Each structure stands twice: as C-alpha cells, then as structure tokens.
Amino acid sequence: MGRVSYRQLFAKRLADLVAAAGHRTQAELAQRVSARKPLGTALSTSTLSAWLSGKAVPADPALDRKAAPSPELANPLSALLHELYDRTAQRRPTRQELAEWETLRRRAWDESHARRAAEPETTVGRPLGSLGGPWELSAYDVIRVSGRPGLPRMPDYVPRAHDEELARIAARTASGTSASLLLVGEPSTGKTRALWEALTSVPEVRADWTIWEPAKSGTHAQLMADLERVGPRTVVWLDDTRERLLLSTADAREDLARGLRRLVHDELRAPVLIVDTMWPDDYRALRTTSAGRHGTHARLLLEGHVVEVPATFRGAALRTMRRQARSDPRIDEAVRHARSTTPDRSEIAVTQYLGGVPRVLRLAQEASPGGKALLRSATHARLLGYGPALPERLLAEGAVAYLEDWEYEAEGEDFAAAALAYLSDRAECRGVRPPLGRVPRRPYEEGAAGPYYRLNDALEHRARSGRRTAVPVPAGMWRALLAHGEPHHLTAVGAAAERRGLRRLADRLYARAEASGDAEAAAHRGRLLEDIDPETALRCYRRALERGAHVFGFAVLPLLERLGRRRSEIARWSIPQLDLDGTASVAALAGAAGLARSLGLTRRAVELACRAASRGDDVTLPQQGGGWEMVEILLAAGHPDAAEVWARSCALIPDSGLFQAAVSVMVDNGHAEEALAWLQDIGDEAPPCASAARYRLLRRLERDDEAWSHLVSRAQSGDRGARGELERWGKESGRETPPERPGQEAVPEAAQEAVRKEAVPQVVHRKDLSSLWDGMAADRRVVQDMTDALYDRLKSCPDASKESLLASCEGWSGLLEVLVFNRLFDRACEDGDLGLALRLYGWEPHYTVQPWPGPASGCRRGSARSKAEVLIDTFGAAEEIVEVLLRAVEAGDGDGAEHRLVALLHRTGRSGEAERLSRYGIEPGATIAAPWRPVDDGSAAPVLSTR
C-alpha cells in the first residue's frame, strides 16, 4: 500500500487556486506577486511553474538560519497566497488557512528531502483478513468443556445495544472518515470481541484494510517512527493504553497522544480507525491525568467515540444467549451458573463466566499460602506502577515478605516454583488465562531474559477497584523491587514510594533508573532532594536537562540562588532542547520555548516561540510552552502574529477562560474578522466563555443582529449567562426576549418576582425550621437504623473490615458513607471505646465530626472539630493517633495523612519530629526517618534498612 504524495497534492491545490484566480499567464501572476509589499517576495516564472507542476516545493524560510525568527517573515509563497485570495475571495487568507498551507508545504518538503529519504516506502501492519479471529488480538479464550472436542474456539457472537453504534462507526470510517473509538468496560465483558465483530462486519474493511498493533513496536522511539508510516485504510489497535498513556512519562504520553491525533486528522492518510479498550477506573484516571499541563492531546484523543460495554446480558440479548445454550454447552453452563445482578436472573454476567473469571478467582482463593503471597507480590508490583510483565525473581523474593515465619517454614525455600506452576496452569483454568500467566518477552524489550508472568486482568481490576489500593507494602517487597526491578520501570515505582512518604527509598529507586539514562528519573530525584541536598538536586536537574527532560526554571533558578550561584550559569549547560532549528517538530519547538522562558533565556525563548508559531496549530503550543506568559513576551518583543497563535492555543486549554483575552490580542493586531471566524469555527459546543467572547466581539463590530441571534441560540441551549445577558439587553433595547424553550411563553417579570419572594423568605425564624426537621425525620431514622446496625456489627465482629461493611451497603452515596462513618466514630467516642474509635479514624481520617442538625439528632453540640482533636480531648490518645497516621501515610493515603500528622506533631510539642517527617519522610514499617544522605550520583546499591 503506497503513500499518498504530499508534493503532488500541494501542486494540485495550488494549481486549483491559481485557476480560480483567473490570471491569464504564469508570468503575469509572478509579476504581480513580486510587486507586492513587503520587499523580498520576488517570485520568478520558472519557480512558479515548478511549484505548479510538482517538480519543486517552496523552501521553508525557518530553515534559513540567518532569517529573522518570525511567522510574519516575508516569503514568495505567502505573497502568492495573499495575491490569489485577493483575486478569488476579495480578502486576505486567514491564519487558519495559512497554517493549513504551511502544514501541507512542510510535508511536501519533508517528502522530497532528507527526512523522508531514510523511511521505507511500505506501511506498517498486516492484512486484517489474515487474522484467524479475535484471539489474535488478545481476546480472552473461553472455558473448555469435556466431551465436546468439535466446538468452535469461540461461541457465536450475540450482539447487544452498543454493537449497533460500533457498526455505524465502522461503516462511516470505511466510507472515508477517520475516527478514534474507545470501548470502556470491566475485564471479560466482551470489548475486544465487540470491536472485532464490528470491523469484520464491513466487507471492505475485512478484505482491504490493514491492522497495526503499536504494542509490537518496542521502544517509544520505534513506536513514533512506525506511527509516521501508518497508511490509509489502517486500523490502529491500541492494546496497552494503560502502559502507554497512563503509566508512561508525561512527555512520552503526550507525544503519543499528539501523534495519534495528528493521524486521525491527516486527510492524506484517511481513512484510519484508532481503537482501544479500557477499564472504567483507568478511563477516569486517564481523563484526570490528562487535565493538566501535559494533557490536551490525551484528553482530546479520549473525546472521540467512547462506547460503554455493559457487564451483563439482558432482554433480547439474554434470550438469544439462552437459545444458543441449547447447542453450546459452554453457554449453557454460563447461563446457569454465571453471576446475576437481579434476583430473577434477568441480567447475567455471561462473558465473565465464559472468560473464566469465577474460576480464576476461585483458584486464587484456593492457592497455598505461598501462592497467595506470590499473587500479593504481583498485585503490589502492579499497583506501584511496575509491569505488566513481572520477572520471576522479583515475584519470588517479594512473596517472602508476605509469609509469616511459620508459613515460610512450612512452604520451604523453593515454594515459588511449585506455586507458580499451579498459578500459571491453563489446564486448571479450563484453557483461559490463569491467575499468573507466563508471558514471552520480545527480543528488543529491555531485560528480555525471562521467565516473566502477568497478573490476570480480573485480579488486577479487583485490586484497583474501591479502596483496596491503600495498603502498606512490606519492606521485603521494596527490597525485591530495588534489587530485581528493571530500571525502566523504577521511575514509576519511585514515584509511588514518594507518594507513600518513603523518600529515602524513592531516592534509591530514582537513582537506579537515572543510572540507566532515564532523564525523567533525574528530574524527579532533583525535586525530591531540593530540601535534603540542594547541591545534588542541582546536579540531578542539570543531568535531566542535558538528557532532554523538561525541568522548568521555577525548580532550577531558586536552587541556584540558594547556592549563591548566578543564573547565567545555565547558559553554559549543554541543553539540547535550546539548540533546535526549524527542522524540529512543532511540539519540540514549543516545549523548548517554554523551557527557555522559564530559565530566564528570553531572547532564545522568543526565537523558538516564533518558529513554533509559524508551524504550529491552535492545540499544540501552550501545553509545551508555558501559556499566556509567552503571549506577553512575544507582544513585548514585537511579534504580534506569533502572539496570536499562542493566544488562541492558550484559550483552547480546557477551563482556561482565556477566549476573551485571545480575541483582544487578535483585535489589537487588526484581525477582528479573523477572530470572529475563529470563534465561529469552534462550533456550537464551545464553552460559555467562548460564546461570551463571540458576543462581545459582534457588539464591538456593531453587528447587533448577529449578536442577538447568537445570544438567543445560546440561551435556548441552556446557557444561563447568555439568558441573563439576553434579558438585560432586551430591556435596554426594547427587543422582545424569546422564552426559555421553543413554544413556551415568557413569564412576566412581576410574576417571576412573586415566585422568588414566595420561594425564598426574607427572614427565616427558628420556629420555621421545625417543619423542615419533621420532614427530614423519616430520612434521619433510616440513617440512624443503618448506623445502629453497623455499630452492632463492629462491636460483635472486631475483625470486620471497612470493605466488608461497604459491601453490605451497596448503592450508598459517598456523602451518606461519610455521614454514617462520622456517626459511628461519634458513637465509639461516646461509649469510651478507644480501639474502635481508632479503627474508624484510620478508615476515614479526612473528615471532621459535624454536628447533626435538628433537635432530635442526639449528637454532640458545638462547632465542627477534627477527629484527631476529638480523640485527644476524649482519650488523650495523641501517640495512638500518630501511629494510625504513620500507617496511613505508608499505605498511600498521600499528602492528606502526612499533613495531618505534621500538624498533630506540632500541636503536641514534637516539632523536631514534624520537621524531620516533612524533610526526610518515613521508613518502611511506619517510622519517622532519621536524617539521611542521598546515594552517590550514578549508583544505587539495593540496600534497604527496615529500621
């Protein structure tokens, strides 16, 4: 499958524009272009002829190192485009049109010159028709039954409601429109099978399309190179989004997301379809992770087609499944024995049973103590960010930490071999993926010497769900990770250790990763050591910068000042990002500009920002370059057009609220009409601040009728701000304000005022609240009954866990849980049960004890107090609270528990320990760390004291 020629497409589009302009000859056109201002735009007839025939491509002015770094740089192509748009549309080309022409010109240039010379002409992937079935795309096998050897590998597919949407998306893509598609659902709900069926249901896709699996591309660099080779009619099958977009470094994550978005929007490679599956918890985590500085592309990628796959079959699908059960014993067994979410079995989790999930969970529960220890070792490794492939030595040594002495003595030193054999036996799981399945490693993968194992997705999902992730990790498991973990995984593990307050351990993990060349690890380590060893922290930051990481000036410059050094020292560092020329990518140029700005290298920042703006788009720049400060710097330096590009980019950051500011920059630059066109292109789904900016601009341009129509449209779509402005303007101008909904009569203002007075009394007296308390009495009684039942259970079952209590309270809201657990804590304090009060405090230390409203509440009066204050005032239990909070910090409760502990230590006169905790963290075993020194640069001996 050959690549579309960008050079030919550039020539064709330029020739079409020339033909529309109606010039008699190329010589006449070249003469008119050369006569335009500013000077330096001379265009010869031979050059124009070469462009129109595809024999040559306009050179990039940014490649001229002597040229001024400005997107306003005069060049023949820009002058030609202005001349042609003047003739065809009687206007100058918009910034968006110029950016599109520049993108096409750059790709044509790349295709014709050295950067394309080394690329193979073939595209990546394999024919979709060559695949035997979804099992070749990591779909789960189904359970085997004895006595029926002739059954197909997978049962016949039973479509559900979401399959109709998938089929529409596949058909639309086959017709020529690129798209991204994400299926969200729990493990073994049929996500991969649904994608396979949707793709193969379109004959032309099955016959002519290619499928490419980025997971097989190896390193990130190889992946990005392969991504550029993706051709038209390709399905990009992302099988490892968790690893690539959630657990990878921020720069790598955004780099991949940007490349995928560029692929979806590249019409020369259309159509392509990017598909992936994801668990609900990971989807929420990735959307949260993608909301920050490195998140625009990942977030926009997720805003394609997102389809939820239910965990159960019901209705017509379940009836079809039951009919198929007559001929397929696997389905018959699943329908009879699978978990049901309703008493009448009208909703059944058939696919989980077929995928062997109940069998896997049962094997995990029935494993020997050594097997359970291996599963806990694998689970903690995954929760800490390691994997998914887990080395056997890591699992075996880590498992020892989960065995009691008597269990280890009974299991023997070689327990791991037998336990792994049991946990990885597919026969025990009736042919499906076992609890710890052995996985091959590809030769190009780092640390490819095996054996390696992978935790079953159902077990991992079970561990990640709910509150099961916040548990302490034994010191022996940390030792195993430090000794046997592969360096390229240890940055993520070090970050997990740092979140748990284990700063000394995090330093050693980062140091091992840094010694293998990980620039991100060096940056993390520098931040960790700022208050412990500023000199070492500065060296780490320098190594990170010189290896290509983005460490901004707010971290480096204060360190230089603390150490009594000059800022000019940075100019002597060999930072490769600051030496980029015009051949670098837009993202790299923008990131380098932001880095230079933060390091105080303003002149270099302006140069890089202008180069990025001349080749960028409205989404790429601010996430890499520092946002609105760059706009102000460019304006001050006299580059208003570059500032426009950056301003539009900043406005498009989610929740930035900068649309009005961006419009002001464009208007001040004389581009009011272009600003209006830009706001219109954003569409009806624009945020309210963009709508408000468009309205204000229309009023400023005295286009009141358009402004009124725009306000009406936004108001009727539910924009309350637009509704308020519409009513205000209507009163001032005498225009008739339309009702809130089509066909609904407007409510007279007098009536509205009467309703407001009736609904909101001006003064609320205490006696007026009695009816409210009476109305809430029934709800209070229900909550009180639930609280009494849970309290009795806690008193009768001292070993009851929080998870077991929550399991019996399915369907509760988070607020109700907080209220009930607060009341349980209050009851324990009233009864003088310190042990139970401490347990409840350990489960929910975040919230304060609120006085329940109402005369019949029976709760403590007065203002709200923290639970720690209540425990100290009631029991004098400061030392016990310190122990609870130390365990919470080590369990991964994050900064919340550590901040509470520091405040408690200060309050109880232990300021020295508080300062030591803030600086040095804790040690495994939940003790405050003694002062420690970082390991020598470039080394990290795997020594870990359990103290």
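**Ground rules.** I am working with a predicted model, where local features need pLDDT of at least 70, side-chain atom pairs count only at pLDDT 80 or more, and totals for chains, interfaces and linings use all residues. Residues are numbered from 1 along each chain as its sequence is written, and side-chain values use heavy atoms, with hydrogens and water left out.

**What I was looking for.** Most peptide bonds are trans, and most residues other than glycine have a negative phi. I looked up some exceptions.

**Cis peptide bonds.** I started with A270 and P271, which are joined by a cis peptide bond with omega at about 0 degrees. P271 sits in the loop between α12 (250-264) and β5 (272-278). Helices here are DSSP runs of H or I with at least four residues, strands are runs of E with at least two, and both are numbered from the N terminus.

Next I turned to G387 and P388, where the peptide bond is also cis and omega is near 20 degrees. I found P388 in the loop between α19 (369-383) and β9 (390-391).

**Positive phi.** Which loop holds S188? I traced S188 to the one between β2 (179-184) and α8 (191-200). S188 is not a glycine, yet its phi is positive, near 60 degrees. I noted S188 as buried, at 8% relative accessibility (buried means under 20% relative accessible area, exposed over 50%, partly exposed in between, with a 1.4 Å probe and protein chains only).

My last stop was R233, in the loop between α10 (220-227) and β4 (234-238). R233 is not a glycine either, and its phi is positive at about 55 degrees. With a relative accessible area of 36%, R233 is partly exposed.
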